[in-house]
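Hi,

Here is the structure I promised to pass on.

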Amino acid sequence: MHIQVVKSKIHRVRVTGADLNYIGSITIDEALLEAANIIEGEKVSIVNINNGERFDTYAIVGEKNSGIITLNGPAARKVQKDDIIIIISYAGMEFEEAKTFKPWIVFPNEKDNSLT
């Protein structure tokens with residue numbers, strides 16, 4: 001049996017911007033992407049703690065150690081600057097493999113989105 005499990009999670013980061021006129025996606029600080037093992041173009045789910053919105057988009061690499069978390073395109077309507085969100089990606093795997101799989105989970109500083 002093949003199932004979907006949490007592969008990566010960036011838990012509680014602060015939105016630094018929302019750009020309605022960009023094509024789409026979420027721009028994420030490269031350091032956070034690396035720590036969470038998320039690659040550019042990977043599908044991610046966004047959960048907005050402030051308003052309960054849940055939606056999917058894809059990751060774009062932002063400047064390393066900048067703290068940038070910007071929702072682009074239509075997703076910009078689902079967040080506001082300074083909202084706290086959770087970013088999650090999933091992977092498909094066989095049931096037995098999933099039993100021992102350990103996801104990459106990152107807990108950045110909510111004030112500046114740093115890893116320290």
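Predicted model: local features only at pLDDT ≥ 70, side-chain atom pairs only at ≥ 80, totals over all residues.

Asp 19 has Asn 72 as its bridge partner in β6, and Asn 72 is also the β6 partner of Ser 25. Strands β2 and β6 run parallel and are joined by three bridges, while β3 and β6 run antiparallel with four bridges between them. (Strands count as paired if DSSP finds at least two bridges between them; helices, H or I of at least four residues, and strands, E of at least two, are DSSP runs numbered from the N terminus.)

Strand β6 covers residues 69-72, and both of its faces are covered. Ile 69 and Leu 71 are buried on one side, Thr 70 and Asn 72 on the other. Buried is under 20% relative accessible area, exposed is over 50%, and partly exposed is in between, with a 1.4 Å probe and protein chains only.

Residues are numbered from 1 along each chain as its sequence is written, and side-chain values use heavy atoms, leaving out hydrogens and water.

Now the charges. Searching the whole structure turns up six salt bridges, meaning a side-chain nitrogen of Lys or Arg within 4 Å of a carboxyl oxygen of Asp or Glu.

- Glu 110 pairs with Arg 12, with 2.6 Å between the closest N and O atoms. Glu 110 is partly exposed at 27% relative accessible area, and Arg 12 is partly exposed at 28%.
- Lys 43 pairs with Asp 56, closest N and O atoms 3.7 Å apart. Lys 43 is in β4 (residues 43-48) and Asp 56 in β5 (residues 54-62), 13 residues apart. Lys 43 is exposed at 56%, whereas Asp 56 is partly exposed at 47%.
- Glu 96 pairs with Lys 99 at 3.2 Å between the closest N and O atoms. Both lie in helix α2 (residues 95-100), three residues, or about one turn, apart, and both are exposed.

One last thing, on the surface: Tyr 22, Ile 23 and Tyr 58 make up a nonpolar patch with about 340 Å² of accessible area together. (Patch residues have over 30% relative accessible area and no salt bridge; like charges are joined within 9 Å, and nonpolar side chains, Val, Leu, Ile, Met, Phe, Trp or Tyr, within 5 Å. Areas are Shrake-Rupley with a 1.4 Å probe, and for residues only the protein chains shown count as cover.) Tyr 22 is in the loop between β2 (17-19) and β3 (25-29).

Cheers
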